[in-house]
Amino acid sequence: MDKKTTQLHSFHESNNAKFIDFGDWSMPFSYEGTLKEHDIVRNSSGFFDVSHMGRLEINYTELDKISTLICSDLINIPVNKALYSIFTNENGNALDDVIFWKFEDKIILIPNASNESKIKSHLLDHKINFIDKSTETVLIAVQGPKTIELMNDRFDIPDKFSTGQSEGYIYARTGYTGEDGIEIMANNSDVDSLISFLTQKGIKPCGLGSRDTLRLEASLPLYGFELTEDITPVEASLSWTITNNRDFLGSDTIKSQLDEGNHKILKKFTIDSRKIARTDTLGSAGDVKGTVTSGNFSPVLNKSIGFIMFENKPSQDLIEFDIRGNLIEGNIVNKRFLS
Amino acid sequence: MSDIKYLETHEWYLINEEVITVGISDFAQNELGDIVYVTLPEVGQTFEKGGAVVEVEATKTVAEAYAPMDCTITEVNTQLETEPETINNDPCGDGWMFKAKVNAIDDSGMSYQEYEAFVS
């Protein structure tokens, strides 16, 4: 079956993008190289076409019902705020990790591309109405320390983790790279104008390759790796997202995990080498066994980093990885990779 | 000295009397993307044709470069230990990986034109 492409596909092609299959989608992997694009986002500003992710518009009448499905308090955060949260199933495991944008008149829900149809079915199963805006809009993430100063002559820049609207665009000061920036939802008819604005400002297109190295370096999880339908937010070390004090799907399991602390646990690690412990690499910290969920090279730290899921809480920080038959030592990191 | 020849596994080799120089093709480096680390063999190690000689870590994936024929390593490109990106920048020149004494000649690789047709 032919892969789906975004509204910006011809732009990507004319900018010599290398493409990668990502679920049902063919998306740009890189233009000038993953490390170069990583550097652009860490030091200047780059933009990502993330239109493969979903965009669902939801009325405030549905807020109480949504609140029974997510682990975070969407009800009490102020209007004009953005919220990262997790849809859980009856076992407390993650169905998806998502972003909500709250506006005065509506809520926008952004699920992962790979989970969009699952989340839509889940909402319908719980009699939650939504309008699917995915085909009539694009989603562009502009990221990097120079983003705000480059964009503030055209966009009213909201505070961090807040939403904004101007010139028909709706957006939030959020992102997935650890850098400042805004993520913009634009109608298809406004795409060309938006892209020419970005390119005139010298903001470069970046692909999913650097998006992955950036999010990993920023200590952010990726659904399908750090979160799955077999992992709870507690196990993924995302307990900070559990702010919903009402009952929600699987909240009993989640609360008992929080109380008892007896569960598998995701940890970050570094290896003092560029040898990468990739997904499914086995590692052990003493007699506690673990499996790497994501691993890659960190351009900023100039070493290998990653996430590993341990069977239970490790009692030491030293990890021994089995990388294709070689034993390589790494260390658990308890703070973020980048300060 | 003969011309550079290519393997279906995307290595190139150059035979000069009894010594081969081996690296990976421009197509291979382009497919791998940014190369961040290589594990080179030891001088004196012996490989059979098809044996995994070099491990190449890229941000996208990990790959191996195989011995084009039975050989014994005589020299490795130590520049790659600190500057693995040399393979991306000049795969068939400064990005060579190892030199080896040929133990059993097998000059069955593809010509440039044949390889171009193979990868396109």
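Student: Which strands make up the closed barrel in chain A?
Tutor: In this predicted model, the closed barrel of chain A has six strands in the order β14-β17-β16-β15-β18-β19, and the pairing is antiparallel.

Student: By how many degrees are neighbouring strands of this sheet turned against each other on average?
Tutor: The average is 40 degrees, with direction ignored.

Student: Let us take β19(A). How many bridges does it share with β18(A)?
Tutor: Six bridges join β19(A) to strand β18, residues 318-323 of chain A, in the antiparallel sense. Within this pairing, A:N331 of β19(A) stands opposite A:L318.

Student: Changing topic, how many bridges join β16 to β17 in chain A?
Tutor: Eight bridges do, between β16 at residues 288-298 and β17 at residues 303-310, and the strands run antiparallel.

Student: Which residue in β17(A) is the bridge partner of A:F297?
Tutor: The partner is A:S304.

Student: Which helix lies across β16 and β17 of chain A?
Tutor: Helix α7 of chain A, residues 208-217, lies across both strands. Its direction is at about 125 degrees to β16(A).

Student: Where do side chains point in a regular strand?
Tutor: They alternate between the two faces of the sheet.

Key: Residues are numbered from 1 along each chain as its sequence is written. Chains are lettered from A and ligands numbered from 1 in the order in which they are written. This is a predicted model: local features need pLDDT of at least 70, side-chain atom pairs count only at pLDDT 80 or more; totals for chains, interfaces and linings use all residues. Two strands pair if DSSP finds at least two bridges between them. Helices (H or I, at least four residues) and strands (E, at least two) are DSSP runs, numbered from the N terminus. Axes are lines fitted to C-alpha atoms, for helices over the stretch in contact, and angles run from 0 to 180 degrees between N-to-C directions. Two residues are in contact if their C-beta atoms, placed from the backbone, lie within 7 Å.
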